[in-house]
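These notes are for a colleague who is opening this model for the first time. Please keep the sequence and the 3D view side by side while reading.

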Amino acid sequence: MALFPSLTPVFIAIVCILIGLILKSNRKSNKEQKRETKNESKSRPWVDEDLKDHTDLHVEEEEADSDWQGLDENIAHVPFSAERYSEDEMIKRSKEFYELLNKRRSVRFISDEPVPGEVINNVIKAAGTSPSGAHTEPWTFVVVQDPEVKHKIREIIEEEEEINYKKRMGDRWVNDLKRLRTNWIKEYLDTAPCLILIFKQVYGMLPNGRKKTHYYNEISVSIACGILLAALQNVGLVTVTSTPLNCGPRLRVLLQRPTNEKLLLLLPVGYPSKDATVPDLTRKPLDDIMVVT
C-alpha cells in the first residue's frame, strides 16, 4: 500500500503533463528545423557546397605562433609614381574604357578558330595583377586546350547541369533563365579553343608543409576574374561566365588540382562564331547603380 495514496494521481498527472510538454516542444523544434532547412534549400539553390567561402579559415595555433606567413617583414619599399593625365584626357580615357567594356556580352556561340597562346598568357598575367589579402595571390588559372579533356569537362558539367535544371535550381530560377534561352547543353565547351578554369586556393602550403592562411581568398580571386574579363574584352575575345554547380570536386580531380583549390569560375574563351547571337538586354542607368553622398 502506498504511503501517500492521495498524492499518487496528482503526481502521475503532473509527470504526464511535463512529458507531453517536452514531446510537444521537441516536435515543434524538429518541425522548425526542418522548415528552416527546407527554406534554406529553396532560397539558396545556387550555393555549391564546394564553394563555401572559407575566408575565416585560420591555421592552427601552433602554426600561428611560428614563422611569419606573409611577406618578408623587411621587404623594401620603393618610390611610386603614376601617370598623371589632364582632366580632358582623363574624361576621354574613362569614356573610351567604359565604351569598350559596355560592348562586353556573355556569348555562348564560340568559334573553334585558334587563339594566339601569347594572348592567353598576357590576359592571365593581367588577371594576376589583382590585389589580394596580404598579397597571398590565392589563384590558379588552368588553361585547357586538349580536345579530349575539354570533352570530359563538358560531360561532367552537362551531367550535373541536367540535374540542376530539373531538380536543384527550382522553378523560379529555371523560369528566369528561359528568356535567356539557356539549358544544360554546353556545346561551347567543345568548340571554344581554350577553357580557363579559375580555382581559388582556400589556403597555401609553406615549405615546411604547414598551411598558410589565404585571407579573403574568394574576394581576391573574384577581383582577378573581373580583371580577366576586361582583359579578354580588350583583345576582342568573348566568353561566358560559368559557375558549374556541383561540378567542382570532379573537375578538380580531372585536372589533378590539389585539395586546397576550389573551382570558382569556368570561362570558355575564343572568337564569336559567325552565327553568334546574344539576348537584347540593357544595363541599369548610372542613377540606379551609384549613390553620391
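**Notes on the model**

1. Leaving aside residues up to four places away in sequence, Val 269 touches Ile 110, Ile 120, Ala 192, Pro 193, Cys 194, Ile 196, Leu 232, Leu 237, Val 238 and Thr 239. Contact here means heavy atoms within 4.5 Å.

2. A word on the basis of these values. This is a predicted model, in which local features need pLDDT of at least 70 and side-chain atom pairs count only at pLDDT 80 or more, while totals for chains, interfaces and linings use all residues. Residues are numbered from 1 along each chain as its sequence is written, and side-chain values use heavy atoms, with hydrogens and water left out.

3. Overall content. The protein has ten helices and five strands. Both are DSSP runs numbered from the N terminus, helices being H or I of at least four residues and strands E of at least two. Buried residues make up 31% of the 293 residues; buried means under 20% relative accessible area, exposed means over 50%, and partly exposed lies in between (1.4 Å probe, protein chains only). The accessible surface comes to about 20,500 Å², and 54% of that belongs to carbon and sulfur atoms. Areas are computed by the Shrake-Rupley method with a 1.4 Å probe, and for residues only the protein chains shown count as cover. Of the contacts between residues at least 6 apart in sequence, 83% join residues at least 24 apart.

4. The sheet. Three strands form an open sheet in the order β1-β2-β5, with antiparallel pairing. Its edge strands, each pairing on one side only, are β1 (139–144) and β5 (261–269). On average, neighbouring strands of this sheet are turned by 20° against each other, direction ignored. Such angles are taken between N-to-C directions of lines fitted to C-alpha atoms, for helices over the stretch in contact, and run from 0 to 180 degrees.

5. Strand pairing. Two strands count as paired if DSSP finds at least two bridges between them. β1 and β2 (residues 194–201) are joined in the antiparallel sense by six bridges. Within this pair, Val 144 stands opposite Leu 195, and Phe 141 has Ile 198 as its bridge partner.

6. How many residues of β1 are buried? Five of its six residues are, and the strand is mostly covered. For β5 the count is nine of nine.

7. The largest core. A nonpolar core is a set of buried Ala, Val, Leu, Ile, Met, Phe, Trp, Tyr and Cys residues joined through side-chain atoms within 4.5 Å. The largest has 22 residues, of which Phe 141, Ile 196, Ile 198, Leu 228, Leu 267 and Val 269 touch the most other members. At least two residues of this core come from each of α4, β1, β2, α8 (217–234) and β5. The largest share is that of α8, with seven residues. A second, separate core of 20 residues includes Val 142, Ile 157, Val 238 and Leu 255. In soluble globular proteins, nonpolar side chains tend to be buried together.

8. Polar residues to check. Gln 201 is found in strand β2 and is buried, with a relative accessible area of 15%. Its side chain makes a polar contact of 2.8 Å with that of Thr 140. A polar contact is a pair of N or O atoms within 3.5 Å; within protein, one must be able to donate a hydrogen and the other to accept it, and residues adjacent in sequence count only if both atoms are side-chain atoms. Glu 218 lies in helix α8, and its side chain is joined to that of Lys 200 by a polar contact of 2.7 Å.

9. Backbone points. Most residues other than glycine have a negative phi. Ala 134, in the loop between α4 and β1, has a positive phi of about 55° and is partly exposed at 42% relative accessible area. Tyr 216, in the loop between β4 (211–213) and α8, has a positive phi of about 50° and is exposed at 53%.
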